[in-house]
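Please look over the sequence and the structure shown here before reading on. The report below is meant to be read beside them.

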Amino acid sequence: MPTLWTNLGLAAFVIYATIRAFWGSAYWVADYHYLTPFYSPCVSTGCTPEASHFGQFLPDVWWLPYAALSLPFLLAFRLTCYYYRKAYYRSVWQSPPGCAVAEPHSTYTGETRLPLIMQNLHRYFFYAAVIISVINTYDAILAFHSPSGFGFGLGNVILVANVILLWIYTVSCHSCRHVVGGRLKHFSKHPVRYWMWTQVSKLNTRHMLFAWITLGTLVLTDFYIMLVASGTISDLRFIG
Ligand code: FES
């Protein structure tokens, strides 16, 4: 992808996500139990109590997002992602800028020193991302609610599609590939792990695509819920 588009895409997402994370309203649709992923889990004492599926134990202060328990890990997971690394090493960090392009820094130290040595934490952020995906899945299931019981609308379609794509992005992670099939000497002795590794490997070849798609679906999901929660539009209901 051209450098300019990479820069613009990442910058637009970071700006949108930061504004929304500190917005503090229009994140919960009470009638249908829609909770935007940018506020999940909502663990601040400032959260709407019904939106706090896991309790409220963080103080309500302006510099702390309501989902302060998940957002830093999600941000770290994305920032240390192998695909994003490649993108911003070439477009922002300029080290290495690309094949056969002169290195602007006097020496190339790769990921052996601060701050880039922190990229090695990616495998741990992967585990955090799995837990957060489970929480997002739980939110999407709880959202099959209407004032009269079970129901679903366009918001459910968006929430479920978003969570499926988040799982695909997470499972296609290089660390996941290593977790399921790494450090095996003989695949033939581990047929189940070998099968899982081949499936993850297939997804892994499209990791860049899933990285961009999920940036888009996260914004779309949040934006739709913001519009419904603020009363700007009504949810298109199919049942209930
Ligand atoms: S390599 Fe992209 S999320 Fe792990």
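**Overall layout**

The model is predicted. The protein contains eight helices and four strands. Starting at the N terminus, these elements follow the order α-β-β-α-α-α-β-α-α-α-α-β. The C-alpha trace spans about 60 × 45 × 35 Å along the principal axes of the protein.

Of the 240 residues, 43% count as buried. Among contacts in the protein with a separation of 6 or more, 64% come from residues 24 or more positions apart. The accessible surface amounts to about 13100 Å², and carbon and sulfur atoms hold 70% of this surface. As for charge, the protein carries 15 positive and 8 negative side chains. The centres of these two sets are 23 Å apart.

| Helix | Residues | Buried residues |
|---|---|---|
| α2 | 71-79 | Leu 71, Ala 76, Phe 77, Arg 78 |
| α6 | 174-181 | Ser 175, Cys 176, Val 180, Gly 181 |

An α-helix has 3.6 residues a turn, so residues three or four places apart point the same way. The buried residues of α2 are covered by elements including α1 (3-21), α3 (82-93), α4, α5 and α8 (207-229). For the buried residues of α6, the cover includes α4, α5 (154-171) and α7 (191-204). Just after α6 comes Arg 183, which takes a positive phi of about 60°.

Where is Thr 36 placed? Thr 36 sits in the loop between β2 (34-35) and α2. Thr 36 counts as buried because its relative accessibility is 0%, and the cut-off for buried is under 20%. With neighbours within four places in sequence left aside, the residues in contact with Thr 36 are Arg 20, Tyr 27, Asp 222 and Ile 225. One of these, Asp 222, makes a polar contact with Thr 36, side chain to side chain, at 2.6 Å.

**Aromatic pairs**

A pair of aromatic rings is described by the distance of the centres and the angle of the planes. The count for this protein comes to 18 aromatic pairs. Elsewhere, Phe 144, Phe 150, Phe 152 and Phe 238 form one aromatic cluster.

**Gly 149**

From Gly 149 to Arg 113 the C-alpha to C-alpha distance is 55 Å, and the two residues are 36 residues apart in sequence.

Note on methods. Residues are numbered from 1 along each chain as its sequence is written. This is a predicted model: local features need pLDDT of at least 70, side-chain atom pairs count only at pLDDT 80 or more; totals for chains, interfaces and linings use all residues. Side-chain values use heavy atoms; hydrogens and water are left out. Buried means under 20% relative accessible area, exposed over 50%, partly exposed in between (1.4 Å probe, protein chains only). Helices (H or I, at least four residues) and strands (E, at least two) are DSSP runs, numbered from the N terminus. Contact means heavy atoms within 4.5 Å. A polar contact is a pair of N or O atoms within 3.5 Å; within protein, one must be able to donate a hydrogen and the other to accept it, and residues adjacent in sequence count only if both atoms are side-chain atoms. Accessible areas come from the Shrake-Rupley method with a 1.4 Å probe; for residues, only the protein chains shown count as cover. Lys and Arg count as positive and Asp and Glu as negative; His and the chain ends are not counted. The place of a charge is taken as NZ of Lys, CZ of Arg, CG of Asp or CD of Glu. Rings of Phe, Tyr and Trp (its six-membered ring) pair if their centres lie within 6.5 Å; planes under 30 degrees apart count as stacked, over 60 as edge-to-face and the rest as tilted.
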